[in-house]
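Subject: Structure handover

Hello,

Here is the structure I promised you. Please open it next to this email and follow along.

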Amino acid sequence: MKSLRWGLLAAGTIAAEFAAGVEESKHGVLEAVAARSGDRAAEFASRFEIPKCYGSYEDLLADPDVDAVYISTPHPLHGEWAIRAAEAGKHILCEKPLTVSVSEAEKVIEAARVNDVFLMEAFMYRLHPQIRRLAELISCGAIGEVRAVDVAFSYNFAVPRLTDPALGGGGIFDVGCYCTSLARLVSQAATGQHVVEPEEVLGMARLDANGVDEFASGLLRLPGGIIAQVSCGFQLTQDDHIRVYGSQGQLYVPKPAWIHEMRKPKTSQIVLTPEGGEPEVIEVEATQGLFAREADHVATHLADRQAPELTWAETLANLRTLERWRAAVAR
């Protein structure tokens, strides 16, 4: 396979994690980085030995040596730059959420379709062997009929973008999106459906003076008669976890793949407890870092224009769920 030449559109913390992943990948190389500040781009390029750096995103998109772009700007800028990348003929990996509205996401997808480029929302956790094994256990009936799921992802660390509604602030968009994605995946694995959406969405949150959700909880009624409890926030420390309850037992993931320490190659655990039986620890080995795996996943599926786990329909379904959750907590 020919190496996929990456351009990084923005040079923040998550871009640094992805850059390190590309360095470890089998099929990717770092070709260029762009930031709003030329000095910042130059510093980032020096740090990762990237050949080219640009002080504008436009210059990066004009570079003929860039095959694919990784977009990690603030949330409200995702849509604009994903569309412009598609129009420039670049393949696209865009940080979650793809956009801050379903209508804008539909425009991004249409731009990718019209310009015949690959597009994937960067939910890297979905590619981890842990999550794939969890879905397999559910679909093969390891805990019988799935009845409920409980997912939490939160932390107590406010950065300016999270408290600013103009920047797509709030815990639901930032980390709640993982919770809804995982809950929906459980329903999909249990029912055999490719993409599902909640039949009902309820929610409550603590909102700040600007209406930003600092922490929130939601209840989703999912296909298969599954009830999901999802919890997230950036002003509340909880134990990140995944629990799936069935008629014949339960599954527990104490350290979901989105936790920082799980992003490196290491062994993770899924605890299977049969109804009335003793817990069994299932170890799942990851031999590749999560961002390296993500970069290679893009390279592998370029010709398909969509990734099988993260199709455009999957992205839209999750965004619709997030919009409903945000609407519920705003009442």
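Below is what turned up, part by part.

**Ground rules**

This is a predicted model, where local features need pLDDT of at least 70, side-chain atom pairs count only at pLDDT 80 or more, and totals for chains, interfaces and linings use all residues. Residues are numbered from 1 along each chain as its sequence is written, and side-chain values use heavy atoms, with hydrogens and water left out.

**Domains**

The domain assignment gives domain 1 (4-121) and domain 2 (125-329). Such bounds come from an automatic or database domain assignment. The C-alpha centres of domain 1 and domain 2 lie 24 Å apart. The contact between them takes 35 residues from domain 1 and 35 residues from domain 2. Contact here means heavy atoms within 4.5 Å.

**The core**

In soluble globular proteins, nonpolar side chains tend to be buried together. The largest nonpolar core in this model has 108 residues. A nonpolar core is a set of buried Ala, Val, Leu, Ile, Met, Phe, Trp, Tyr and Cys residues, joined through side-chain atoms within 4.5 Å. Buried means under 20% relative accessible area, exposed means over 50%, and partly exposed is in between (1.4 Å probe, protein chains only). Trp6, Phe44, Ile92 and Leu182 have the most contacts inside the core. Helix α7 (residues 171-191) gives the largest share, 11 residues. Helices (H or I, at least four residues) and strands (E, at least two) are DSSP runs, numbered from the N terminus. The core draws at least three residues from each of domain 1 (4-121) and domain 2 (125-329).

Start with Thr321, in helix α9 (residues 312-330). Is Thr321 buried or exposed? Thr321 counts as buried, because its relative accessibility is 1%. Not counting residues up to four places away in sequence, Thr321 touches Thr180, Arg184, Pro198 and Leu220.

Now take Glu280, in strand β14 (residues 280-285). Glu280 counts as partly exposed, because its relative accessibility is 42%. Leaving aside neighbours within four places in sequence, Glu280 is in contact with Ile270, Val271 and Leu272. Glu280 and Arg263 are 17 residues apart in sequence and 24 Å apart in space, C-alpha to C-alpha.

**Salt bridges**

Side chains of opposite charge can pair when their charged atoms come close. A salt bridge here is a side-chain nitrogen of Lys or Arg within 4 Å of a carboxyl oxygen of Asp or Glu. The count comes to 21 salt bridges.

- Arg5 and Asp67 meet at 2.9 Å, N to O. Arg5 lies in strand β1 (residues 4-9) and Asp67 in the loop between α3 (57-61) and β4 (68-71), so the pair ties together parts that are 62 residues apart in sequence. Arg5 is partly exposed at 22%, whereas Asp67 is buried at 16%.
- Arg133 pairs with Glu136, the closest N and O atoms being 3.5 Å apart. Both lie in helix α6 (residues 129-139), three residues apart, about one turn of the helix. Arg133 is partly exposed at 31%, and Glu136 is partly exposed at 43%.
- Lys255 and Glu261 meet at 3.0 Å, N to O. Lys255 is partly exposed at 38%, and Glu261 is partly exposed at 37%.

Salt bridges that share partners also join Arg5, Glu31, Lys52, Asp63, Asp65 and Asp67 into one network.

**Backbone**

Which residues does a cis peptide bond join? The pair is Lys96 and Pro97, with omega about -15°. Pro97 sits in the loop between β5 (91-94) and α5 (102-115).

Asp116 has phi near 55°, a positive value in a residue other than glycine. Asp116 is in the loop between α5 and β6 (119-121), and is partly exposed at 45%. Arg305 has a positive phi of about 70°, although it is not a glycine. Arg305 is in the loop between α8 (290-300) and α9. Arg305 is partly exposed at 22%.

Happy viewing.
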